[in-house]
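Reader: I'd like to learn how to read the aromatic side chains in a model like this. Could you walk me through it?

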Amino acid sequence: AQHERHENAILKAENEKLRAENNRYKEALSNATCPSCGGPAALGEMSFDEQHLRIENARLREEIDRISGIAAKYVGKPLSSLPHLSSHLHSRSVDLGASNFGPQSGFVGEMDRSGDLLRSVSGPTEADKPMIVELAVAAMEELIRMAQSGEPLWVPGDNSTDVLNEDEYLRTFPRGIGPKPLGLRSEASRESANQWSSVFCGIVSRAMTLEVLSTGVAGNYNGALQVMTAEFQVPSPLVPTRENYFVRYCKQHIDGTWAVVDVSLDNLRPNLMSKCRRRPSGCLIQELPNGYSKVIWVEHVEVDDRAVHNIYRPVVNSGLAFGAKRWVATLDRQCERLASSMASNIPAGDLCVITSPEGRKSMLKLAERMVTSFCTGVGASTAHAWTTLSATGSDDVRVMTRKSMDDPGRPPGIVLSAATSFWIQVPPKRVFDFLRDENSRSEWDILSNGGLVQEMAHIANGRDPGNCVSLLRVNSANSSQSNMLILQESCTDATGSYVIYAPVDIVAMNVVLSGGDPDYVALLPSGFAILPDGPGVNGGGILEIGSGGSLLTVAFQILVDSVPTAKLSLGSVATVNSLIKCTVERIKAAVKCNNA
């Protein structure tokens, strides 16, 4: 309440300032004279700068009045002082309990309809908007307290983690989105890190803004409110995605700290059967010297995770799959990648290192699109234009197909994607190093036909030597076959690793290396996602050699017919299925041999 009173005082001061400017303009206008006749100047004869200032002044006044109206109506007041909101919140909170979901058997039946939530949800009604504002403000307060509190709300857990005391949480935050529905499991985590920018990749498989309730003040996101849907994923077809319908609220506090909070709005749609609800979750961003930031992340969800495959349960339950540690680790890695793309003083030591800023940016942009495309075909998302041909069976291979037409970034025709996940008793770091090394590629890559693989170009994009983008050339053992170029990105952080690659055209890559537009280079990426099989004894995520095993996902995208209107043959499906199985067997044998 003190913060809100202080902000209202600032808004009043802004209004007084604008009023004084208005008076000054009126006085100047009344005293202005026409140069030709000596009479009062017409409005049309004002200078361009004066007209621009008047327009900007009016825009700012309208923006401040609008935000002031929201603050005066909904912000900083207890629910008891807003009877229409209080009764609305109370009734919806009751509806959100067990009565909404009915008996557990019926609840499970409804929950099996994957993708229904994001497809059926729509924007909020006018009657819902005041409640959304109140809920967002309460969620912001809860997020800040969750991020900054210690015991008894958070208690020390195993592997240097914080564990939420649920009893204390319910005592501290009795309001919110109602009691936990039947069949959902609470999952809360907190993590912090220092860095200077944020770009996420691989976690959010799709997101959509349904309505913007406020754009913020004076051109930034302070006070921004938007109703959204999003789907979060793990890079494996064996882990269902998590769909959420929520409001996002951004605010800059008095000390300069930014906060971004999400909180579910399922209670506005009683007929929605959600598998996952977000209690106030998000991040606090505090500016530090030398261009750095301290980020504290809180993830607090209630989820039905009974459909998660048994081999992925330990890593999901540990928080490495969806928790705060994964968000912060991804943030850290992507900041390093962004810094690499902006670097201009690259030493020309190694012949393979790309020193041209334009060439680096184009190649990194192409690799970024390759990684994004890979993630769309490796998870369990139902959002993309894929048709699942086989998701069950003894082979555990998920095969999907799509028709590619009028997309300059993909070759035209019928594309098959196949993905499978399995456990292997080799530490994740050893698996990652083996798969990214061009010298061991011939041991598992069937498409290279046993040819010698040589690195032609290299861009380091992180502290770890495994974080890099490479251009590889496969020198075919058969002299009658032309050499092949492969674009590869390998990246690793505390929660997982990727090795992603795609064959590329030689002429197109020459254009990219010269700083040309990479958007027209056709790509069909394949590759690997490597996760630890659990938190490990040291809680370090990607474990060192000699401890823990790996969860490895293998995925291919292959053009099986260059005619988009052609019919898919069962032989093509069988070929891709055999390719992925053969690759899996080669990897198992080679990795175990190298690990012995």
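Author: Gladly! Let's begin with a charge over a ring: Arg242 sits over the face of Phe322, 3.9 Å from the ring centre. Keep in mind that this is a predicted model.

Reader: Which ring does Arg441 lie over?

Author: That one is Tyr501, with Arg441 over its face at 4.3 Å from the ring centre.

Reader: Now for rings against rings. How many aromatic pairs does the structure hold?

Author: There are six aromatic pairs in the structure. One of them joins Phe232 and Trp327, 5.8 Å centre to centre with 75° between the planes. Planes over 60 degrees apart count as edge-to-face, so this pair is given that label. The pair connects distant parts of the chain, since Phe232 belongs to strand β5 (residues 225–232) and Trp327 to helix α10 (residues 324–342), 95 residues apart.

Reader: Are Phe232 and Trp327 buried or exposed?

Author: Both Phe232 and Trp327 are buried. Another edge-to-face pair is Trp444 with Phe528, at 5.0 Å centre to centre and 85° between the planes. This pair, too, links distant parts of the chain: Trp444 is in the loop between α12 (428–436) and β14 (452–460), while Phe528 is in strand β18 (residues 526–532), 84 residues apart. Trp444 and Phe528 are both buried.

Reader: Which residues do ring pairs link into a cluster?

Author: Phe232, Trp297 and Trp327 are joined that way.

Reader: And how would you set this against the whole chain?

Author: The chain has 14 helices and 19 strands, and 49% of its 596 residues are buried. Among contacts with a separation of 6 or more, 68% involve residues 24 or more positions apart.

Notes:
Residues numbered from 1 in each chain as written. Predicted model: local features only at pLDDT ≥ 70, side-chain atom pairs only at ≥ 80, totals over all residues. Heavy atoms only, no water. Helix = DSSP H or I, 4+ residues; strand = E, 2+ residues; numbered from the N terminus. Buried < 20%, exposed > 50% of the residue type's maximum accessible area, 1.4 Å probe, protein only. Contact = heavy atoms within 4.5 Å. Phe/Tyr/Trp six-rings, centres within 6.5 Å; stacked < 30°, edge-to-face > 60°. Lys NZ or Arg CZ within 6 Å of the ring centre and 35° of its normal.
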